[in-house]
Amino acid sequence: MSPHFARRVLRLLPVAVFCFQAAPALASDVPYVPTPMNVVDAMLGLGAVGPGDFLIDLGSGDGRIPIRAATRYGVRGFGVDLDDGLVRQARAAAEKAGVGDRVAFEARNLFDTDLGRATVITAYLLNSVNLRLRPQLFAQLKPGTRIVTHDFHFGDWQPDQKITIDVPDKAYGPPRSDIMLWVIPADFSGVWQWSLPGAGGDLRHEAQLSQKFQVLYGRASAGGRPVLLADARIRGDAVSFTVGDAAGLQRYSGRISGDTISGEVSLPGGGSPQAWQAKRIKSGRMDVSAAGRGGLHVVAAGNSTKEQ
Ligand SMILES: C[S@@+](CC[C@H](N)C(=O)[O-])C[C@H]1O[C@@H](n2cnc3c(N)ncnc32)[C@H](O)[C@@H]1O
């Protein structure tokens, strides 16, 4: 080492030592509290978890959720946790349960994790952490992906389903748990057109739809005249709604693929449902922002849940 280089190293040494000491350990967003096993089973049940699923547990602790999903339903997947010790514990537990080849555990930040492979996400985090996570879920998850949380929610994104169960051995709070299911909705917003055979020939229908999470807002017309649009529901890539005019109610259901909805319609007067297809002639944009825009008539609404 040249004397010049040695002097530079000596000058920089205190800075390097300070930086090393001051480098913060990654702070956990949520303390470790395990989900009681009866809640784990209820979460997997509400999420309708099955053999074809790929499950990711965000903040996986001792790995109990992915391990139970693998042993009971043959699911594949992984868990991530900032706590290296818990990750090692989870890996050992997976090996012991004989599912070490189906579920993996990684020491990493859930916010830096690619969630794109998931068909089911599980989480026992906090409301504030879930809210920070929400944009990542909408950016990375496919429509139809189920998200199951224990006790904590996603703010103004209402769950599609919620159950409450008794938990006699709960570590804190009252001896019960809320378990909630959210399904990532496809984006149905925009202007849609379709035709139905009418007495005087084909009748052009049009629906102008806006969407906030899984809730549809909008209006419809038939032959240029306003008609009732009601009872709209979205579940993943599936939609259903009712259109009503003087002739009666038409009940539509279908699945979206790109700018096409294909399905069937039940017409007034009974008879078997007919095939039906709608085309999107103008795209919209699903609103997943924290602050609502509102303004249009609400035609569908989810269940409500209280703040914890
Ligand atoms: C309440 S525990 C839940 C453990 C497990 N999912 C269960 O339900 O039994 C939350 C876990 O999240 C982990 N965690 C907190 N912040 C995290 C982050 N940013 N990235 C990954 N894991 C995190 C904690 O270390 C803790 O193990």
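## Around the ligand

An oxygen atom of the ligand sits 2.5 Å from an N or O atom in the side chain of Thr35. This is a predicted model, so please read each distance here as a computed one.

In Asp81, a polar side-chain atom is 2.6 Å from an oxygen atom of the ligand. In Asn109, an N or O atom of the side chain is 3.0 Å from a nitrogen atom of the ligand. The protein buries 98% of the 600 Å² that the ligand exposes when taken alone. There are 21 residues around the ligand, and those that come nearest are Asp29, Thr35, Gly59, Asp81 and Leu110.

Seen in order, 3-2-1-4-5-7-6, 7 strands form an open sheet with mixed pairing. Strand 3 (103–107) and strand 6 (161–166) are its edges, each pairing on one side only. On average, neighbouring strands are turned by 15° against each other, direction ignored.

Strand 5 (residues 146–150) and strand 7 (residues 176–183) run antiparallel and are joined by 5 bridges. Arg146, for example, has Val183 in strand 7 as its bridge partner. Helix 4 (residues 84–96) lies across strand 2 (76–81) and strand 3, and runs at about 165° to strand 3.

## Confidence along the chain

The protein has a mean pLDDT of 88, with 85% of its residues at 70 or more.

Methods:
Residues numbered from 1 in each chain as written. Predicted model: local features only at pLDDT ≥ 70, side-chain atom pairs only at ≥ 80, totals over all residues. Heavy atoms only, no water. Pairing = 2+ DSSP bridges. Helix = DSSP H or I, 4+ residues; strand = E, 2+ residues; numbered from the N terminus. Axes fitted to C-alpha atoms, helices over the stretch in contact; angles between N-to-C directions. Contact = heavy atoms within 4.5 Å. pLDDT = per-residue confidence, 0-100. Near = heavy atom within 4 Å. Polar contact = N/O pair within 3.5 Å; in protein donor to acceptor, adjacent residues only side chain to side chain. Areas by Shrake-Rupley, 256 points an atom, 1.4 Å probe, with all protein chains shown as cover.
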